[in-house]
Amino acid sequence: MKKKILSMALACALVLSTGQTAGAADTNITTPQDGVYKSEVEVSTEVTIPTINITLSDTSSKKVGINPYKLKFSVNDSTELTDTIANLEETITNESNVAIAVNVTTKAEVPQGSKAVVATAPLKGTEITKSVFSYLQIKEKDSAAAALTTAPAAYDAKSNELIAFAAKETTKKAMVTLAAGDTTATYAGYKIFGDVASKPAEAWTTDDTLKFSIVFQFEPVVADSAAGN
């Protein structure tokens with residue numbers, strides 16, 4: 001089951017109308033009216049809107065694992081991973097007739113009963129708390145089947161394709177801009193990476209979870225007037 005996200009942005013196009021049947025008398029002014037040569041033209045408008053069609057891959061049957069000991073973790077019924085934050089790459093498909101900029105907002109929450117700690121920077125490996133530093137990578141790709149590269153060598157806060165999870169919401173604008181895909185779909189992939197403290201003073205338990213929130217906002221990109229639009 002795929003999830004459709006629809007949004008609209010409005011653009012106005014002017015249509016000239018006289019409000020009556022066109023004829024020579026409308027454009028050829030030869031007789032004064034009340035001593036003035038004049039003609040009235042009414043201008044009406046129509047609204048043009050893009051066709052927005054965004055599909056997100058279904059995450060309902062998949063899981064994300066906090067995996068400090070790098071055990072085999074079943075992210076779904078057929079796949080096991082040993083990543084410290086184990087999850088599958090997901091796909092955003094754009095089939096809109098306009099380019100789409102993808103804004104991303106992230107947040108990490110600690111559920112009641114969990115002793116996990118949301119770290120604000122990459123871990124050093126000496127943490128004694130149950131620290132988790134996590135971030136999202138999002139980037140364009142050639143097809144739905146194509147995969148992202150492996151985890152970045154290091155987290156870079158200035159990179160436009162990386163955004164960290166923090167206790168407060170973090171937003172980055174236009175992390176990816178997908179070309180119009182009304183004839184050939186365009187794609188982006190996203191995945192969570194990060195570090196997990198492996199030797200805390202108190203051992204990890206199954207209660208020490210986090211809740212990751214990812215909000216995507218899709219904005220139609222205004223066409224370049226230099227291209228004749």
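**Pairing, burial and contacts, term by term**

Q: What makes strand 9 and strand 15 a pair?
A: Five bridges join strand 9 to strand 15 (residues 186-196), and the two run antiparallel. Two strands pair if DSSP finds at least two bridges between them, so five are enough. One of these bridges has Asn94 with Thr186 as its partner in strand 15. The model is a predicted one, in which local features need pLDDT of at least 70 and side-chain atom pairs count only at pLDDT 80 or more, while totals for chains, interfaces and linings use all residues. Residues are numbered from 1 along each chain as its sequence is written, and side-chain values use heavy atoms, with hydrogens and water left out.

Q: How do you know that strand 4 pairs with strand 9?
A: Three bridges join strand 4 (residues 54-56) to strand 9, again antiparallel. Three meets the requirement of at least two, so this is also a pair. Thr55 has Thr93 of strand 9 as its bridge partner.

Q: What is called a strand or a helix here, and how many does the chain have?
A: Helices (H or I, at least four residues) and strands (E, at least two) are DSSP runs, numbered from the N terminus. The chain has one helix and 16 strands.

Q: Why is strand 9 called mostly covered?
A: In strand 9 (residues 90-94), five of its five residues are buried, where buried means under 20% relative accessible area, exposed over 50% and partly exposed in between (1.4 Å probe, protein chains only). On one side these are Glu90, Ile92 and Asn94, and on the other Thr91 and Thr93, so both faces are covered. In a regular strand the side chains alternate between the two faces of the sheet. Across the 229 residues of the chain, 34% count as buried.

Q: What makes Glu90 and Lys62 a salt bridge?
A: Their closest N and O atoms are 3.0 Å apart. The rule asks for a side-chain nitrogen of Lys or Arg within 4 Å of a carboxyl oxygen of Asp or Glu, so the pair qualifies. Glu90 lies in strand 9 and Lys62 in the loop between strand 4 and strand 5 (65-66), so the pair ties together parts that are 28 residues apart in sequence. Glu90 has a relative accessible area of 6% and is therefore buried, whereas Lys62, at 27%, is partly exposed. By this rule the count comes to four salt bridges.

Q: How do you know that Lys141 and Glu89 form a salt bridge?
A: Their closest N and O atoms are 2.7 Å apart, so the pair meets the 4 Å limit. It links distant parts of the chain: Lys141 is in strand 12 (residues 130-141) and Glu89 in the loop between strand 8 (85-86) and strand 9, 52 residues apart. Lys141 is buried at 10%, and Glu89 is partly exposed at 21%.

Q: Why is Gly181 called buried, and what does it touch?
A: Its relative accessible area is 2%, so Gly181 falls under the 20% limit. Gly181 is found in the loop between strand 14 (170-178) and strand 15. Leaving aside neighbours within four places in sequence, Gly181 is in contact (heavy atoms within 4.5 Å) with Asn94, Glu95, Ser96 and Thr186.

Q: Is Asn103 buried or exposed, and how do you know?
A: Asn103 has a relative accessible area of 3%, so it counts as buried. Asn103 lies in strand 10 (residues 100-109). Not counting residues up to four places away in sequence, the residues that Asn103 touches include Lys172, Ala174 and Phe216.

Q: What makes a nonpolar core here, and which residues have the most contacts inside the largest one?
A: A nonpolar core is a set of buried Ala, Val, Leu, Ile, Met, Phe, Trp, Tyr and Cys residues joined through side-chain atoms within 4.5 Å. The largest has 29 residues, and those with the most contacts inside it are Ile92, Val102, Val104, Ile138, Phe216 and Phe218. Apart from it lies another core, of eight residues, among them Ala119, Leu123, Tyr135 and Leu162. In soluble globular proteins, nonpolar side chains tend to be buried together.
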